[in-house]
Amino acid sequence: MAPKGGSFSWKVAGIATTTRVAGTGGSVGGLLSANPEENPFWWNANHVFVPYCTSDSWSGTRASPNDMFSFMGAEIVLQVVRDLIPLGLENASSLLLAGSSAGGTGVMLNLDHIHNLVHHELGLKHIAIRGVSDSGWFLDRAPYSPNGLSPVDAVHKGMELWKARMPHNCISKHPNEPWKCYFGYILYPTLSAPLFVFQWLFDEAQMSADNVGAPVTKQQWDYIHKMGDSLRQTFENVTAVFAPSCISHSVLTKRDWQLVKIDEVSLAQALHCWEQTPIGNHRNDTRSPIETNQPCAKSLRKLLRSGLTKGNGTLSEPGRNGKNESTTEMQKVASTVINKSDERKTSSSTILTQARENKKRKRRKHKGRRRERNKEARTKKEKHERRKSAGRRKGNKQNNDSNHTSMFNGTRPQRSVIPSGKRKCVQGCHFRLIERCTWPQCNHSCPKLHNPFTGEEMDFIELLKSFGLDMKSVANALGIDIQTLNSMDHDELLNLLTQRAN
């Protein structure tokens with residue numbers, strides 16, 4: 001399971017000079033472009049491009065001088081980082097490891113190894129290590145047809161052939177099934193360094209690996225449709241993800257990469273937003289606190305106190321509010337005291353009963369005064385908090401013209417990792433974007449489909465014809481005539497073709 005593409009790239013911030021290495025005979029576009037219009041956030045960073053030539057998803061360690069082939073992908077990755085140290089990497093503030101296709105899988109497989117190398121072996125803990133996986137998030141679902149090797153079978157054979165080096169945390173979790181660590185949804189929760197995932201919901205490489213072929217029948221379309229649903233499900237607890245509903249493969253080094261959008265947010269904007277958030281809030285382990293969709297301007301205490309489920313699934317954790325727990329315990333104690341008092345009343349004298357009642361009246365009166373004092377104190381404190389908060393907002397507005405407001409993204413009920421007063425706010429910052437529509441090419445920013453033989457742009461009908469389909473048979477299968485099919489609106493046809501089987 002090693003697609004033909006799969007280059008590695010590094011974006012290194014904080015070095016005085018710019019280094020760009022291209023392995024394709026020319027400059028690389030997209031994330032590695034030096035053109036500010038094409039690459040607005042990283043055009044002046046240091047870029048290193050490593051072409052893919054190992055055919056092992058960057059996981060191999062097999063050196064075979066006497067054999068025809070060697071697979072040294074994992075060794076190459078670490079050696080490139082070591083070679084960059086004396087060239088200025090030691091003075092960098094951040095290192096963004098990115099890869100497309102097999103390189104996207106390679107990022108996930110090597111991210112923690114690089115994190116360990118830079119932070120622990122080399123002692124450069126001031127460098128923030130992050131990863132970006134582009135079109136490397138493959139599924140291990142059963143293929144549509146049994147022709148050729150399934151993704152799982154290919155990984156089984158490849159691991160042995162490549163002498164693969166795997167992430168330690170994932171292997172320790174799956175010691176008897178190490179092959180699982182090649183699949184992003186299994187590997188992701190075990191990573192220590194933060195990862196951003198880009199994935200087309202209808203990835204061409206996934207369709208090829210699943211042997212689904214040209215979608216001639218409704219069963220094939222349903223299989224492809226379910227493939228998109230399966231991918232969505234694997235992103236349920238992924239902190240940073242950008243997943244458009246398109247038929248394509250890889251995007252990071254394409255010159256039109258900024259055109260791809262979800263809800264008017266481009267991939268470049270989402271990636272930049274994610275990179276700017278504090279790295280301590282990037283944990284991939286979904287059992288740990290992760291980002292939420294709540295703006296940092298909103299009081300987390302109010303969220304926790306409300307106990308209400310938010311639209312994004314964020315809610316306060318039951319039983320974690322100390323005040324609520326202590327109140328419950330006091331109610332239990334009070335109930336016990338009252339019950340015992342009731343049991344003793346029948347055997348008490350009238351004088352003793354009156355004395356107790358007098359004592360209770362005094363206690364109630366004292367408690368009433370104490371509640372009033374506490375209420376006054378709380379009112380003063382709340383007024384002070386409001387004035388203080390208003391002052392902070394005013395100060396922030398004066399100091400920051402863009403009036404940044406941070407959005408922490410996620411799906412699980414969590415509390416913020418960062419104190420509200422120390423959170424970095426970025427207005428309109430979204431880095432968890434998953435397409436809501438469920439059929440291929442329903443996103444109007446999807447890359448145009450091209451004729452695989454001529455390279456010319458083509459509409460969806462032409463794409464079907466390029467698969468060698470008999471369009472009359474397609475029209476009959478859909479219950480319409482050929483004239484209606486040829487004149488049908490793009491979106492209507494897509495919706496019709498991707499309907500689930502009844």
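The structure is a predicted model, in which local features need pLDDT of at least 70 and side-chain atom pairs count only at pLDDT 80 or more, whereas totals for chains, interfaces and linings use all residues. Residues are numbered from 1 along each chain as its sequence is written, and side-chain values use heavy atoms, with hydrogens and water left out. Helices (H or I, at least four residues) and strands (E, at least two) are DSSP runs, numbered from the N terminus.

**Nonpolar cores**

- The largest nonpolar core comprises 60 residues; such a core is a set of buried Ala, Val, Leu, Ile, Met, Phe, Trp, Tyr and Cys residues joined through side-chain atoms within 4.5 Å.
- Buried means under 20% relative accessible area, exposed over 50%, and partly exposed in between, for a 1.4 Å probe and protein chains only.
- The residues with the most contacts inside the largest core are Leu89, Ile114, Trp137, Tyr182, Leu195 and Phe235.
- Apart from neighbours within four places in sequence, phenylalanine 235 is in contact with Trp137, Val197, Gln199, Leu201, Val241, Ala243, Arg432 and Ile434, where contact means heavy atoms within 4.5 Å.
- A second, separate core has 27 residues, including Leu252, Leu271, Cys429 and Phe431.
- In soluble globular proteins, nonpolar side chains tend to be buried together.

**Disulfides and a further cysteine**

- The whole structure contains 3 disulfides, a disulfide being a pair of cysteine sulfur atoms within 2.5 Å.
- Cysteine 170 and cysteine 181 are joined with their sulfur atoms 2.1 Å apart, and the link is left-handed, at -100° about the S-S bond.
- Cysteine 170 belongs to helix H4 (residues 168–173) and cysteine 181 to the loop between H4 and helix H5 (184–187), 11 residues apart; both cysteines are buried.
- Cysteine 246 is joined to cysteine 446 with an S to S distance of 1.9 Å, and this link is also left-handed, at -80° about the S-S bond.
- Cysteine 246 lies in the loop between strands E7 (241–243) and E8 (247–248), and cysteine 446 in the loop between strands E11 (432–434) and E12 (449–450), so the pair ties together parts 200 residues apart in sequence.
- Cysteine 246 and cysteine 446 are both buried.
- Cysteine 273 is joined to cysteine 429 with an S to S distance of 1.6 Å; the torsion about their S-S bond is about 90°, so this disulfide is right-handed.
- Cysteine 273 and cysteine 429 are buried as well.
- Cysteine 53 is exposed, with a relative accessible area of 63%.

**Glutamine 199**

- Glutamine 199 lies in the loop between strands E5 (195–198) and E6 (202–203), and counts as buried at 1% relative accessibility.
- Its contacts, leaving aside neighbours within four places in sequence, include Ser135, Gly136, Trp137, Leu231 and Phe235.

**Helix H3**

- Helix H3 (residues 151–162) has 12 residues and reaches 16 Å from its first C-alpha to its last.
- Its buried residues are Pro151, Val152, Ala154, Val155, Gly158, Met159 and Trp162.
- The face turned away from the buried side carries the exposed residues Lys157 and Glu160.
- Helix H6 (204–209) is among the elements that cover the buried residues of H3.

Notes: Expected span 1.5 Å × (residues − 1).
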